[in-house]
Amino acid sequence: MVTVRGSNHFGMAGHYSLRAMEHGLIGMSFTNTSPVLNPTRSKDQVLGTNPICMAAPGKDGDNFVLDMATSSVALGKIEIQERRNRPLPPGWAVDADGKETYDPKKVKGLLPLGGTEESSGYKGYGLSMMVDVLTGILSGGSFGPHIRFWKGASRVANLGHCFIVFDPKAFTDDFEDRMSELIDYCRQLESVEGPDKPVLVAGDRARKHMEMCDKLGGIPYHPKQVDFMNEMAKKFNITPIKPLA
């Protein structure tokens with residue numbers, strides 16, 4: 001187990017857990033982030049999206065990879081809904097008064113995983129704080145309200161990270177077999193959505209998306225996202241994105 005302080009955005013949490021998994025180990029990674037999440041019943045943003053990740057190897061290259069924020073969504077999804085002129089789904093965000101909003105233009109903070117208190121959002125709130133304990137508090141870095149706000153540059157971020165790696169063979173010799181047994185069992189469950197939408201396990205959706213990107217030779221973006229990125233490129237005198245098709 002290792003902690004880091006004095007850091008900044010560390011990218012995709014899964015990147016670090018996958019490095020451990022490639023060696024047959026179980027990898028876990030956590031980070032705190034700028035405060036954007038409203039604790040249950042609060043109108044203030046105190047915690048970050050504070051992602052958690054665990055990657056565990058199965059048989060024949062199969063695996064379980066959970067990589068998720070402890071907020072209902074990431075800020076980027078709010079921005080996408082705004083550019084598409086679409087309302088927000090329930091359980092995503094709150095306005096300046098801490099009340100749930102469906103208007104992306106009125107968003108002040110994010111709801112924790114689970115949404116409002118009525119839908120058990122306090123569980124996501126607890127998970128987010130747990131991550132801050134392992135990352136900011138344990139490392140000696142900044143935590144909670146002491147982290148600078150997103151896009152603020154008044155002081156260094158001083159984010160904290162936590163990485164945990166252990167060898168499953170220290171506990172059982174047949175871990176990968178047992179892991180794959182559970183993975184396969186869940187995937188073979190009958191889907192209430194029909195055969196076109198099978199039951200998935202953590203990591204399946206991302207794996208399928210990566211396969212699609214490989215076939216396309218690029219990453220698909222909504223046209224309005226491309227327009228926004230090209231506007232930023234023009235502003236900073238950077239070569240704009242050139243669509244493949």
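Which side chain meets that of Arg41 in a salt bridge? The partner is Glu117, with a separation of 2.7 Å from N to O. This is a predicted model, in which local features need pLDDT of at least 70 and side-chain atom pairs count only at pLDDT 80 or more, while totals for chains, interfaces and linings use all residues. Residues are numbered from 1 along each chain as its sequence is written, and side-chain values use heavy atoms, with hydrogens and water left out.

**Salt bridges**

- The structure holds eight salt bridges, a salt bridge being a side-chain nitrogen of Lys or Arg within 4 Å of a carboxyl oxygen of Asp or Glu.
- Side chains of opposite charge can pair when their charged atoms come close.
- The salt bridge between Arg41 and Glu117 links distant parts of the chain, 76 residues apart. Arg41 lies in the loop between strand E2 (26-31) and strand E3 (52-57), and Glu117 in the loop between strand E7 (109-110) and helix H3 (121-139).
- Helices (H or I, at least four residues) and strands (E, at least two) are DSSP runs, numbered from the N terminus.
- Arg41 is exposed, at a relative accessible area of 74%, whereas Glu117 is partly exposed at 32%. In these terms, buried means under 20% relative accessible area, exposed over 50%, and partly exposed in between (1.4 Å probe, protein chains only).
- Arg83 and Glu79 form another salt bridge, with their closest N and O atoms 3.9 Å apart. These two residues of helix H2 (residues 75-83) are separated by about one helical turn because they are four residues apart.
- Both members of that pair are partly exposed: Arg83 has 22% relative accessibility, and Glu79 has a relative accessible area of 31%.

- Asp204 and Arg207 meet through their side chains in a salt bridge of 2.7 Å, N to O. Their spacing of three residues in helix H5 (residues 204-216) means that about one helical turn separates them.
- Asp204 counts as buried at 5% relative accessibility, while Arg207 counts as partly exposed at 26%.
- A network of salt bridges links Asp204 and Arg207 with Asp62, Asp184 and Arg187.
- The 13 residues of H5 should span 18 Å at 1.5 Å a residue, which agrees with the 19 Å between its end C-alpha atoms. The expected span is 1.5 Å times one less than the number of residues in the helix.
- Gly217 follows H5 and has a positive phi, near 75 degrees.

**Surface patches**

- Patches are made of residues with over 30% relative accessible area and no salt bridge; like charges are joined within 9 Å, and nonpolar side chains (Val, Leu, Ile, Met, Phe, Trp, Tyr) within 5 Å.
- Asp173, Asp174, Asp177 and Glu181 form a negative surface patch. Lys and Arg count as positive and Asp and Glu as negative, with His and the chain ends not counted; the place of a charge is taken as NZ of Lys, CZ of Arg, CG of Asp or CD of Glu.
- A nonpolar surface patch consists of Met129, Val133, Ile137 and Phe143, which together have about 340 Å² of accessible area. Accessible areas come from the Shrake-Rupley method with a 1.4 Å probe; for residues, only the protein chains shown count as cover.
- Met129 is in helix H3 and is partly exposed, at 40% relative accessible area.
- Val133 is also found in helix H3 and is partly exposed, at 42%.

**Positive phi angles in loops**

- Asp60 is not a glycine, yet its phi is positive, about 50 degrees. Asp60 lies in the loop between E3 and strand E4 (63-68) and counts as exposed at 81% relative accessibility.
- Asn85, although not a glycine, has a positive phi of about 55 degrees. Asn85 is in the loop between H2 and strand E5 (93-94), and at 57% relative accessibility counts as exposed.

**Separations in sequence and space**

- Ser139, in helix H3, is buried with a relative accessible area of 6%. Ser139 and Arg5 are 134 residues apart in sequence and 5.6 Å apart in space, C-alpha to C-alpha.
- Val133 and Gly144 are 11 residues apart in sequence, with 9.5 Å between their C-alpha atoms.
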